[in-house]
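Subject: Structure for your files

Dear colleague,

Here is the structure you are taking over. My notes on what was found in it come after it.

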Amino acid sequence: MTNVLDLFDVNSMLDDDERIVRDAVARFVDDRVLPIIADCFEQHRFPAELVPEIAQLGLLGSTLQGYGCAGLNSVAYGLTCQELERGDSALRSFVSVQGSLVMYPIYTFGSDAQKERWLPSLAAGESIGCFGLTEAQGGSDPANMTTHARRDGSDWVINGSKMWITNAVIADVAVVWARTEEGVRGFLVEKGTAGFEARDIKHKMSLRASTTGALFLDDVRVPADAMLPGAAGMRGPLSCLTQARYGISWGAIGPAQACLRELLDYTETRSMFGATLNSKQSIQERLADMARRITGAQLIALRLGRLKDAGELGAAQVSLAKWNNVRMALDITRDCRDMLGGSGISLEFTPIRHMLNLESVITYEGTETIHKLVVGKELTGVSAF
Ligand SMILES: Cc1cc2nc3c(=O)[nH]c(=O)nc-3n(C[C@H](O)[C@H](O)[C@H](O)COP(=O)(O)OP(=O)(O)OC[C@H]3O[C@@H](n4cnc5c(N)ncnc54)[C@H](O)[C@@H]3O)c2cc1C
């Protein structure tokens, strides 16, 4: 029987392990996330009580080897993002930040001592991390950061601030990127360090089930071994972003599928002008267009994952995928919101929550414009930033 959410049978291109991982996360989302997530969104509350279960499922740093990590391939990891984001972008964001933006740099650029100190507890969800790159004066141009660190004896002293940081107020450790005399470097700053403070950002109308905050560093003194030894220059943070953007390309498929599923059900029973909505040509056209765009996004994500596992992934390919797939999801959730009529503005239905979340997803990890410019540079060889 045709799976209306997978018209090109991408499922058949997965191996058994990938399907098992996807289905386990799907069950978790159905059983544990969907019953509470609308309330979390409404209450502006991150469901921290789910973190141990997310860790138990092996979803934190899931592609890393050792240190209690699951060692999944990239496609299986992508499918976990898809299923988590079908629940809510907040949960996928939590997992992306912990895995791609905190554990990945420690794993890739950290010393053995840093890895031993942090990776097992981050994998187990016993510690939470955040990633401080963006500053108030402009996240699209992170090389223009003003946060700086200077050597003082064998210590480093960091000053500056970071804005729009996922997990900031709940993090035990922050990966803070700062300008130094030897270029941009990454520092592991622990909660409770003198002069270091995280403050919640309130009044968000998007990603309300995620915590976002600002970091303030006022003469924060850290020892020499708090610096990530393997990351020098912008290559460090940018390589983390490539990892996270990869997961987002998969994640965006989840909300689009959830909304299409809901609209197929809704239009089957909603009667208008003497016939069900799903019998109207323009409604079918809109539903068909959603299926077309979801199918394209699924094929892009799968190809991206296979390229990543083959070690052949390029940054422009990730940009194209993030741009295409998030735009696809945002357009679909907005259109589903409209097709629900007045009900579409209620959290009783999922489109408005996903739609509002995706307004963040299309902005963070590089805005849509920035990804278009990355692809434009790939085509022309000319940087238009
Ligand atoms: C909910 C949320 C969570 C986040 N989590 C994190 C996190 O954990 N860690 C972190 O470091 N950051 C995080 N961010 C920050 C995010 O990455 C930035 O918001 C994003 O990069 C955009 O930066 P900005 O907000 O400063 O916008 P700006 O960079 O000021 O961009 C404003 C507008 O200008 C456009 N623009 C920029 N440059 C150009 C150009 N050259 N040509 C044409 N147009 C251009 C942009 O596309 C955008 O439309 C998060 C953001 C949000 C909303």
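Q114 belongs to helix α5, residues 112-123. Its relative accessibility is 5%, so Q114 counts as buried (under 20% relative accessible area, 1.4 Å probe, protein chains only).

The model is predicted: local features need pLDDT of at least 70, side-chain atom pairs count only at pLDDT 80 or more, and totals for chains, interfaces and linings use all residues. Residues are numbered from 1 along each chain as its sequence is written, and side-chain values use heavy atoms, with hydrogens and water left out.

Now the ligand. It is surrounded by 19 residues, with T134, G139, S140, W164 and T367 the closest (a residue counts if one of its heavy atoms lies within 4 Å). Strand β3 (155-166) and helix α11 (368-380) each supply at least two residues of this shell (helices are DSSP runs of H or I, at least four residues; strands are runs of E, at least two).

- Ligand nitrogen to a side-chain N or O atom of T134: 2.7 Å
- Ligand oxygen to a polar backbone atom of L133: 3.0 Å
- Ligand oxygen to a backbone N or O atom of G139: 2.6 Å

The protein buries 69% of the 980 Å² that the ligand exposes when taken alone (Shrake-Rupley method, 1.4 Å probe).

Regards

Technical notes. Polar contact = N/O pair within 3.5 Å; in protein donor to acceptor, adjacent residues only side chain to side chain. Buried < 20%, exposed > 50% of the residue type's maximum accessible area, 1.4 Å probe, protein only.
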